[in-house]
Structure formats: structure tokens, C-alpha cells
Amino acid sequence: MVFNSLTFIVFFVVIQGAYALLPTWKSRKILLLLASYFFYAAWNPPFVLLIILSTAIDFVLARKIAKSTVQRHRRLLLMGSLAVNLGLLSYFKYSPFALESLQQALAVVGIVWVPPEWGIILPVGISFYTFQTLSYTIDVYRGQLEPKESLLDFALFVTFFPQLVAGPIVRAVDFLPQLAVPRVVTSKQFGWGLSLATIGLFNKVVLGDGLMAPVVTATFDRWALISGGEAVLGTLAFTAQIFFDFSGYSTIAIGVAMTFGFALPDNFHFPYGARGFSDFWRRWHISLSSWLRDYLYISLGGNRRGDTRTNINLMTTMLLGGLWHGASFRFLVWGALHGAYLFIERTIDAKLGHLSWYHTTVGRLAGWSLTLGATMLAWVFFRAPSVQGAFGMLVSMVTWAPGSFDAVNSLTSVIVVLVFGLTVCWHYLFRDVRVETMAQAVPVPLRAVLLGAMLFICMMAPGNSTAFIYFQF
Amino acid sequence: MPPSLTSPNNRLPTGPWARTAVLGILIGGLTLAAVELGLRRVGYEASVNDDAQLWALEYRDRPDDAWLTLGSSRIACAFDLDTFEEVTGEPVVQLGISSGQPIAILTYLNEQGFDGKLIVEVSPYVWFTDNPLIAQQAVLTLQTLHDQERALLGGLERRATRVLQSQLRILHSETDLFDLAKAVVKRARPVIRQSVRGDRQRYCWPSRYALMPDMPMPDESWAVTERAPKDEASFDEVTVAIQGIMARGGTVLLFAAPEAGDPRDVHLLSYPESVYAEVLAERTGAPYVNTMTDPTIGALAVPDYSHIDASDAPLFTERLVELYREKGYFLPD
């Protein structure tokens with residue numbers, strides 16, 4: 001079930017009604033758990049069992065880890081949790097890629113081998129909930145969290161439907177305390193939650209799907225035929241689309257959770273206003289980047305073992321971050337680029353950081369432009385149908401190829417440039433402002449008109465709205 | 001590690017947000033109602049979205065004894081379901097795919113053990129193109145079918161959506177705000193590009209082109225002068241699928257839809273009948289009708305060179321049935 005569907009509206013109204021009517025906190029939690037399983041099962045019922053399995057294993061193992069005083073035993077239990085969770089993730093997400101890569105490698109040495117057709121279906125959101133349960137077990141192992149006594153609470157933490165399939169990736173330490181006491185939803189919370197959901201829906205349906213997606217499809221899927229200008233336009237469109245799509249989902253998730261009285265962490269903070277890549281990753285998919293930092297980068301040694309090791313750790317983290325998005329060489333290249341960007345940024349900071357012009361307006365603008373340009377370059381690999389397609393797009397741009405196919409008309413081109421330009425300028429100008437501060441700056445009567453207009457345009461948006469891009473991860 | 005957040009109160013902006021949200025929903029709802037009434041007033045009708053979800057529903061709900069039409073946008077535009085049912089007395093379900101190569105669908109039907117009745121429009125450069133985007137369309141359509149079959153609600157939500165769409169014009173994906181705005185600015189009624197009617201898949205999306213006068217050729221890709229090498233693998237796949245269906249007792253009728261200008265030249269130059277359609281008919285034993293050679297159908301206008309005008313669909317369908325009758329099908333009892 002996707003947020004941008006009439007089915008979800010009906011589902012939301014029914015669950016809200018039942019939530020308000022139920023008398024006890026426990027019965028409300030049971031309702032949310034069942035609703036979350038239903039929400040997931042609406043896509044593919046058998047895969048609910050997979051979530052239940054993952055939940056049960058981590059619930060039991062974390063309790064055993066907490067009880068055990070023998071370090072070797074504790075480590076073994078943690079390894080067990082990692083093996084099960086990452087094993088399931090690997091099987092569903094990476095085995096076809098591994099077999100295909102093996103086939104290609106064997107072909108290089110002249111061995112013709114056809115891998116078996118496994119017909120594996122990737123469970124929606126498996127990367128998200130796997131990281132969520134892993135963080136719980138690792139926190140318990142590290143002694144940073146007491147294991148949960150209530151299976152109901154833990155199961156709801158794993159499956160809470162607003163963020164189940166595409167995040168934000170919630171930490172147990174943030175969410176489980178919210179289940180300990182009944183959530184009281186004020187009318188103001190409810191109203192702001194609905195407002196956030198509307199803003200997120202507008203981002204997704206109108207800006208992402210309606211305006212940007214057709215241009216992205218028309219250019220990236222025809223990379224061999226389009227001109228250099230269209231390749232640039234496609235890249236601008238995807239840069240905007242991926243933000244509107246994913247931040248739209250996160251905003252809806254945060255808003256919907258708020259209508260039930262829950263707080264979810266922010267996942268985006270004007271990422272295209274970033275000056276530098278460390279800054280970018282503090283603003284883009286914050287829940288994933290902080291997860292990778294806390295559970296991977298720091299576990300590898302972080303920046304505590306000298307420059308070379310730090311750079312290796314950064315690259316490893318970004319490569320695995322790339323691979324988290326999908327089993328493809330495109331995502332590996334995307335991750336490698338971001339790893340390289342972080343390495344270059346550290347080097348430049350060390351060499352030029354002491355110079356005064358580095359911190360002037362011009363220096364900051366240069367840093368912003370370079371960050372944005374390099375980020376867009378990496379997005380080409382993220383979206384292109386193949387690595388070859390990505391290089392094809394880049395060659396088209398560099399050589400300003402004439403193209404043999406009119407993929408985008410001039411009005412659409414103007415709209416893309418305008419929306420992209422406004423978006424990145426907006427991000428830069430408000431990079432240090434919270435969305436709540438911006439919302440309260442809008443005159444009260446205008447707020448309702450804007451929300452009404454957004455809802456209206458969402459319903460009337462041209463084109464077909466599609467599933468969120470991050471569902472595939 | 002202390003909790004970084006425990007209450008949504010931490011992030012609430014000031015102001016009367018409950019009233020704001022209620023008022024916003026009211027404004028949005030009332031505006032939608034006003035636009036719905038306005039659309040009906042200028043002549044728009046409520047109609048379902050012609051997409052892969054609808055295709056999947058049509059396929060799943062098809063009567064056992066129904067004819068299925070298969071092909072590209074051309075059959076969707078040219079074939080009038082009501083006329084066919086009226087003339088033959090037999091039910092029919094439209095399963096053409098706009099901008100799509102139907103090989104995957106045909107193969108799927110064969111693999112499913114299909115032994116029913118098929119009317120297949122064969123445009124060789126759609127069937128045997130090497131354009132991956134066109135080939136992908138049928139695969140995505142089948143994927144949608146599988147997703148719908150697998151989902152917990154089993155298409156219930158899509159059925160509900162179809163009911164809503166058949167009642168409210170604002171839910172149609174081709175009701176475009178830009179068009180409406182242009183119509184208001186020009187103080188003129190918008191062009192009604194009615195492509196699908198009611199709650200049934202009747203005409204597919206490209207028929208709107210057929211309603212646009214003086215439409216320029218979309219690009220120069222038609223200007224092919226060299227014959228493309230025949231894709232034997234695809235040709236064999238189509239042959240095997242049709243043979244399989246017919247071997248189980250199924251019926252497959254083939255026809256070529258009218259075309260004009262460059263598309264017709266491409267057809268004749270690059271995909272000659274003697275190499276494609278006639279060979280397919282000969283190998284499979286499926287009767288083939290080239291409607292372009294028929295004087296009645298050949299006289300029909302083809303405004304965008306690929307699709308006949310949707311208003312000519314009843315005439316086309318009636319004549320097509322007559323042509324098949326000459327081959328021994330659809331004979332009156």
C-alpha cells in the first residue's frame with residue numbers, strides 16, 4: 001500500500017477512527033501492530049512472515065545477549081543476529097546480482113555458465129527494517145540499551161507502518177521509550193501532522209511524479225538518442241525528483257506518525273544547500289547516514305587510526321552505503337564517488353582550510369556549487385539504466401552531442417530548469433532554518449489556502465503517480 | 001545514548017494547526033467539487049484511467065468465452081467493442097498495449113495454456129522492433145498483473161478505484177490543469193480528448209492523437225529506408241506462441257491495421273508482407289487480413305498516419321468482421 005493512493009486514505013481514516021475509540025494503550029498498540037502487518041501484507045502477504053521472523057530472532061537474541069556475562073558468548077549471539085538478518089538481506093537482494101557477476105566473470109575466462117532462474121522477489125523495505133532491527137541488537141550488545149521485555153512493543157518498533165517500507169530508519173533508543181507511556185495526541189499535533197502529510201504528498205505527486213518524472217524517464221531511458229542539452233536537463237530533473245520523492249515519503253511518514261502521537265526523526269534538511277559532502281550527508285537521508293556512521297564507520301575505527309585508515313573507512317562505508325541501495329554496479333560507482341568526494345574534501349580542508357578566502361561568501365558559494373555539481377554527477381549513475389548508460393549520458397553532456405530524438409519539449413525544459421533552480425536556491429537560502437520555523441512564518445489565513453491548494457493540485461496532477469523510488473531499496 | 005526525541009511536541013510550530021488543517025481540507029474539497037462540476041459542464045465525462053492496472057483487471061475479469069484483442073495502440077483505437085459484440089453476438093475484451101510490443105503477452109497466454117479466442121493486430125515494426133522500451137511495456141504490464149494477483153486485497157482496491165474513476169472526472173489522469181488553465185486564459189472550451197469511456201477499456205490512450213487534426217509527425221525515426229535484419233528469434237517466439245494456442249484448440253485471427261505516410265512506407269519497405277505477416281500466417285495457419293487492401297477500410301482517414309480516427313472504429317470493426325466472415329469465421333447461425 002502506498003501513501004499516494006485512495007486505498008491509503010481509507011486505511012488511514014479507519015485506523016485513526018479505531019485508534020481514537022480504543023480505551024487502553026495496549027489495545028491501541030495491538031491495533032497499530034495489526035494495521036502495520038496489514039499495510040505490509042497489502043503488497044505481498046507471505047513476506048509478513050519474514051518480518052515476523054526477523055522480529056522474533058532479534059527479540060530473543062538481544063535478551064540473551066543482555067543476560068550473558070561471557071563476552072565470547074555475547075559476540076556469538078550478535079554474530080547470529082547479523083548472520084540471519086544480513087543473510088536474508090543478501091539472499092533476497094544480492095544473490096541474483098552475485099550470480100550474474102559470477103556468470104560475467106566466468107565468461108571472461110571463457111567458461112559459459114547460465115545461472116539458475118531463482119525468480120526471487122525483493123521484499124519491499126527489507127533494507128530498512130533489517131537495519132532497524134540490527135541497530136537494536138547492536139545497541140543492546142554495546143550496553144547502550146536495555147532489551148525490551150514486551151514483544152508487542154518490539155514488534156511495533158520494527159513494523160510501525162508509517163516508516164516501515166522506506167524509513168526514516170528509526171533507532172530503538174528513540175522509538176521504544178515512546179511506547180512505554182500512552183501517546184496523547186493533541187488537536188494541534190493532529191493538524192500539523194496532516195499538514196506535513198499534505199506537504200509531503202505535494203512534493204511526491206506534483207513536483208516529483210508530475211513535473212520531473214516524465215523528463216527523467218524520457219531522457220535516462222533513451223540515453224543513447226538524446227542530445228547533450230537533454231542529458232543535462234534529465235540530470236537536473238532527477239536531482240529534483242529524487243529529493244521530492246524521497247523527502248516527500250519521509251515527510252508523509254513523519255506527519256502520519258505524528259497524528260498517532262509518535263515522533264520520527266528528521267530525514268532531510270535542505271540537502272542541496274550543503275557546502276561540502278560531510279555537510280551533505282548530515283542533510284540527506286540522515287537516518288541512513290547516521291546509521292552507517294554509528295554502526296559501520298565507527299566500528300571500522302572511524303577517524304581514530306590515522307589519515308589513511310580514515311579514508312579507507314570512509315570509502316568502505318560509502319561503498320557499502322551504495323550497495324545498500326541496490327545490487328548493481330551503478331550503486332557501487334555512486335557510493336565510490338561519494339567516498340572519493342569525502343576523501344577530496346578532507347584533503348582540501350586540510351590544505352586550504354586555514355586560508356581566509358575559504359570562509360568568505362565567494363568561498364562558501366564555490367563550495368556549495370561544487371558540492372551540488374558533484375552530487376548531480378553521482379546521481380547520473382544512481383538513475384541511469386546501466387553504468388554504460390551513465391557514461392553515455394556524461395559523454396553526451398561533455399561533447400554536447402546533437403541527439404537524434406526530441407525527448408523534451410521547450411516548455412517542459414523551462415519548467416524543469418525553473419523548479420530545479422528554485423529548489424536549490426531555496427535549499428541554500430534556508431539551509432539553517434527548520435521547516436517548523438518556516439511554517440509559522442506563513443500568515444495564518446494563508447496556511448489553510450496553501451494546504452487546500454496543495455490537496456487540490458495533488459488530486460489534479462497530470463500523469464500517473466507511481467510508487468516511491470526508495471521502495472525498491 | 002539518550003533518546004534524541006520522545007514527543008512530537010518538540011517540533012510543533014506555533015499557530016492553530018487543527019483549524020488550519022480542517023480549513024485546508026475543506027478548501028481543497030470544495031475546489032475539487034467545483035472543478036468536477038465545471039468539467040462536466042464543458043463536456044468532459046467521467047472515465048477510467050487506461051493503464052496497466054486496468055489491463056490487469058480486464059484480463060482477470062474476462063469471461064471464459066470472450067474474444068481477446070491483442071496488439072498495439074492501433075487495435076485499441078480501431079476496434080470498437082460494442083460494434084463487435086453487436087455484430088457477432090460474442091463478448092470481447094480489449095487487451096491492446098499502447099506503445100508496447102505484445103510478444104511477452106502472447107507468450108504468457110501460451111504458457112498459461114490459453115485455448116480461447118484471439119484477434120491479433122500485427123504491426124511488424126512494433127512486434128519485431130529492437131527498441132527495448134517498446135518491448136519492456138508488455139513486461140511491465142504482466143508485472144502489474146502479477147502484483148495485483150499477489151496483493152492481499154487481490155485487486156479490490158483497483159476495482160474500488162475504477163468505480164470512483166467512472167464517477168468522477170477529476171480522477172482521470174488526462175484531466176490536465178495546464179489544459180484547463182489554457183482554456184480559461186483563451187476564454188475557449190478545452191478540446192475534449194475523450195479516450196476512454198465509462199468503466200470499460202474501450203479506446204486506448206493514443207486515440208487522442210487521432211482526434212487531433214494536422215498532427216505533425218512526432219520525430220524522424222520513421223524515415224527508415226533500409227530493411228532491418230529480420231529478428232528471427234522474436235519471429236519464432238510469436239510463431240511458437242500462436243501455434244501452441246491453436247494446437248490446444250484456440251482460435252487466432254490476424255490483421256494489419258490501416259496506416260499512412262511514413263509508417264506505411266516503413267511497413268512496406270522494412271517489414272514486407274512476404275517476409276513477415278504472410279509467413280507468420282502460413283507457418284501458424286492463422287488467417288490473416290491486411291485491412292489496408294480493402295477498399296472500404298483503405299478509404300478511412302488515418303490522421304496521425306498510425307491510428308484511424310476513433311469515430312471510424314465502428315465502421316472499421318464491422319468491415320473487419322465481414323472480412324473474417326469471408327474466411328469462414330463469425331458466420332451467422
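## Chain B as a whole

Of the 333 residues in chain B, 53% count as buried. The model is predicted. Chain B contains 15 helices and five strands.

The accessible surface of chain B is about 15100 Å², and carbon and sulfur atoms account for 54% of that surface. Contacts in chain B can also be sorted by separation in sequence: among those between residues at least 6 apart, 83% join residues at least 24 apart.

## Asn110(B), a residue in a helix

Asn110(B) belongs to helix H5 of chain B, which covers residues 103-111. Its relative accessibility is 16%. Buried means under 20%, so Asn110(B) counts as buried.

Which residues does Asn110(B) touch, leaving aside those up to four places away in sequence? They are Val240(B), Ala241(B), Gly244(B), Ile245(B) and Arg248(B). With Arg248(B) there is also a polar contact between the side chains, at 2.7 Å.

## Tyr305(B), a residue in a loop

Tyr305(B) lies in a loop of chain B, between helix H14 (295-298) and helix H15 (313-325). Its relative accessibility is 29%. The partly exposed class runs between the buried limit of 20% and the exposed limit of 50%, so Tyr305(B) counts as partly exposed.

How far apart are the C-alpha atoms of Tyr305(B) and Asp61(B)? They are separated by 33 Å, and the two residues are 244 residues apart along the chain.

Terms used: Residues numbered from 1 in each chain as written. Chains lettered and ligands numbered in written order. Predicted model: local features only at pLDDT ≥ 70, side-chain atom pairs only at ≥ 80, totals over all residues. Heavy atoms only, no water. Helix = DSSP H or I, 4+ residues; strand = E, 2+ residues; numbered from the N terminus. Buried < 20%, exposed > 50% of the residue type's maximum accessible area, 1.4 Å probe, protein only. Polar contact = N/O pair within 3.5 Å; in protein donor to acceptor, adjacent residues only side chain to side chain. Contact = heavy atoms within 4.5 Å. Areas by Shrake-Rupley, 256 points an atom, 1.4 Å probe, with all protein chains shown as cover.
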